[in-house]
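Open your viewer and get ready to click along. We will go from pockets to a ligand and then to the domains.

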Amino acid sequence: MSREKLKDKASIKILEARKSEGMETIWDRYEAQQPQCGFGLLGICCRMCNMGPCRIDPFGTGPQKGACGATADTIAARDMTRQTAAGSASHSDHARDLGHTLIAIGKGTVQGYSIRDPYKLRIIAAEYGIKVENKKDNELALELGERVLQEFGKQDDSQLTLSKRAPKRQQEIWKKLDIFPRGIDREVVETLARTHEGMDQDYKNLIQSTMRVSLADGWGGSMIATEVSDILFGSPKPIRARANLGVLKEDEVNIIIHGHEPTLSDVIVTASQDPELIKLAKEKGTKGITVAGLCCTANEILVRRGIPVAGNFLQQELSILTGAVEIMVVDIQCVSPGIAQAASHFHTKVISTSAKASIPGVEHIDFREDNALDTAKKIIKIAIDNYPNRDKTKVIIPKEAMDLVAGFTAENIFYHLGGKFRASYKPLNENIANGRIRGVAGVVGCDNPRMGSGSSHVALVKELIKNNVLVVQTGCAAIECAKEGLLTPETAIEMAGEGLKEVCKAVGIPPALHLGSCVDNSRILIACTEMVKEGGIGKSLDELPVAGAALEWMAEKAMAIGWYFVASGALVVFGTPMRISGSQAVYDYVTKDMENITGGKWAFEEDPIKAAHLMIDHIDRKRKALKLAPMMYTQSYTVTGHLPSE
Ligand code: NFS
């Protein structure tokens with residue numbers, strides 16, 4: 001079943017060809033897992049202690065408590081809370097590493113890195129209270145790096161990005177609810193402690209902890225990761241590139257970089273442009289070296305350097321199964337163990353680089369900042385030397401590769417929406433208030449064989465833009481929409497409703513804006529905050545006509561993202577529910593009661609068209625509450641009868 005939902009032609013081509021050769025992929029393994037454990041899906045299996053695992057009978061005839069006495073409410077909420085802490089930890093640990101790189105630049109102990117956005121370095125340093133006058137870049141990098149790392153260990157509620165940036169009303173709500181995060185690490189540790197056996201048992205109290213730890217991620221860890229990445233690797237600007245497996249080349253050395261940290265991907269790109277290495281590649285009978293990205297590290301080097309994207313999460317094995325990849329270099333997060341098996345069918349070498357993420361059966365080359373460029377060159381040389389081992393008779397490179405524009409940020413949207421001489425959010429707010437644009441929707445997150453394998457993002461975005469909702473995107477959802485041409489202004493504008501079309505044509509932007517990787521969801525928080533500051537469409541985040549969705553969410557990181565948006569006052573739609581359905585109380589609390597608590601709430605809807613209309617209805621309710629003008633152009637639509645392929 002799950003394979004049938006896949007619509008991407010390039011992926012289907014590889015899958016069909018390799019299936020006939022007996023090669024296994026994530027879809028086969030997912031199918032082999034069916035039917036999946038009902039207790040697990042409902043979130044009523046508890047493995048927190050060694051009296052368990054215990055499970056609650058969802059039909060009410062068997063046990064309704066674990067051995068310790070834990071109810072379905074406790075078990076479901078506790079598990080969700082712990083998963084959210086893991087997601088927050090992932091983003092935030094990534095941010096911490098970037099802080100260390102900043103310090104290493106300050107100390108001059110790096111190779112291959114510099115400050116590419118000294119202007120932003122000064123802005124952020126000043127925000128952190130550092131005196132910037134008459135200081136060199138490396139002095140500021142050292143000071144800012146140290147200040148940034150302090151955010152992780154703070155014990156009080158003085159986290160800088162939160163207290164300086166979040167709208168006042170949200171801060172008041174967080175204080176009242178006692179969910180204003182303290183240090184980023186502290187929140188993760190406390191959440192782990194709270195979810196230990198015999199600790200927090202009240203689902204409402206547990207969800208308080210869920211929100212606090214997620215806020216420490218969104219307004220803390222992820223926001224730091226975004227800002228420091230901009231300083232180190234350059235603030236993105238709108239840039240053209242291409243996406244899908246067709247970016248791989250028959251006659252070049254193909255290197256895929258997969259994972260999340262721009263510290264690795266950026267220096268690999270730099271090394272691949274070394275004339276000596278290009279010469280070496282040509283000596284092997286190739287025309288040169290192609291570097292392409294996968295998952296969020298792809299987004300990092302796409303938005304800053306225009307590097308092509310080979311694909312999203314579900315394409316990691318498929319890219320290897322083209323038979324045309326000399327090496328796949330990986331670091332952390334979303335790296336599936338299945339890539340080692342996929343590589344075993346071909347000459348492809350998989351190289352792991354992070355001490356935090358080791359993969360059995362693949363080569364490991366330790367990647368450190370002090371010899372980053374040398375290591376990157378060494379990796380590229382391995383790829384070049386591996387090219388003669390490519391069996392050209394086995395290669396299948398799909399032709400699909402789509403043009404796209406990426407590289408929008410909360411800062412540069414100012415310029416695009418305001419025009420060259422009017423850098424402000426005013427035109428956006430005005431066009432929302434006057435009914436040309438209905439509102440703004442974030443469409444983000446993973447692609448998942450459980451759902452549409454990416455296609456539900458495409459159907460969702462098409463329905464939203466048709467109904468005059470401006471879309472902002474990150475992560476694998478952005479890559480999926482890029483592959484379908486939704487990030488190409490020339491084609492996508494024509495799919496937008498009349499009002500949105502007018503605005504996009506006037507300023508030359510696509511109706512769906514690519515804002516970067518998953519940590520860059522923090523850019524959406526900032527953009528929403530700027531909309532509040534500009535005025536006229538809501539005095540706080542929970543009043544704005546906005547909504548978010550991660551229909552195909554897969555990772556715990558997506559739960560952290562969803563929760564920090566809900567805690568910040570937004571509606572967030574997941575396709576399939578978090579594993580809480582076994583507790584009616586928890587389910588109702590997060591999907592209904594939450595709106596009276598933070599102003600945000602969860603919804604779960606698998607059908608992308610119905611999900612779009614949940615979001616549109618929510619936006620319309622916000623518009624009505626704000627007494628905004630009626631929509632200038634109404635769009636007729638049919639909820640039933642749409643398929644994700646449409
Ligand atoms: Ni986000 Fe990026 Fe993709 Fe999902 Fe994984 S790559 S951090 S978690 S799968 S969107």
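Start with the lining of the largest pocket, which has 14 nonpolar, ten polar and five charged residues. Here Ala, Val, Leu, Ile, Met, Phe, Trp, Tyr, Cys and Pro count as nonpolar, Asp, Glu, Lys and Arg as charged, and the others, Gly among them, as polar. This is a predicted model, in which local features need pLDDT of at least 70 and side-chain atom pairs count only at pLDDT 80 or more, while totals for chains, interfaces and linings use all residues. Residues are numbered from 1 along each chain as its sequence is written, and side-chain values use heavy atoms, with hydrogens and water left out.

Now select Gln36, Asn448, Arg450, Met554 and Arg579: of the 29 lining residues, these lie nearest the centre of the largest pocket. A pocket is an open set of points on a 1 Å grid over the protein atoms alone, where a 1.4 Å probe fits, with protein on both sides within 12 Å along at least five of seven lines; a cavity is a set the probe cannot get out of, and lining residues have an atom within 4 Å of a point. Next, colour α4 (72–107), which gives the largest share of this lining, four residues. Helices are DSSP runs (H or I, at least four residues), numbered from the N terminus.

Move on to the second largest pocket by selecting Lys120, Ile123, Glu227, Ala410 and Glu411, the closest to its centre of the 31 residues that line it. Which helix supplies the largest share of this lining? Colour α23 (521–534), and you have the answer: seven residues come from α23. By class, the lining of the second largest pocket has twelve nonpolar, seven polar and twelve charged residues.

Time for the ligand. Show the residues around it (a heavy atom within 4 Å), including His260, Cys295, Cys296, Phe313 and Lys557. The shell divides into nine nonpolar, two polar and one charged. The ligand sits in the second largest cavity, meaning that more than half of its atoms lie within 2 Å of the cavity's grid points. Domain 2 (245–394) and domain 3 (408–625) both give residues to the shell, so the ligand lies between them.

Finally, colour by domain: domain 1 (72–233), domain 2 and domain 3, with bounds from an automatic or database domain assignment. The centres of domain 1 and domain 2, taken over C-alpha atoms, are separated by 30 Å. Look where these two meet: 19 residues of domain 1 are in contact with 20 residues of domain 2, with contact being heavy atoms within 4.5 Å.

How values were computed
Helix = DSSP H or I, 4+ residues; strand = E, 2+ residues; numbered from the N terminus.
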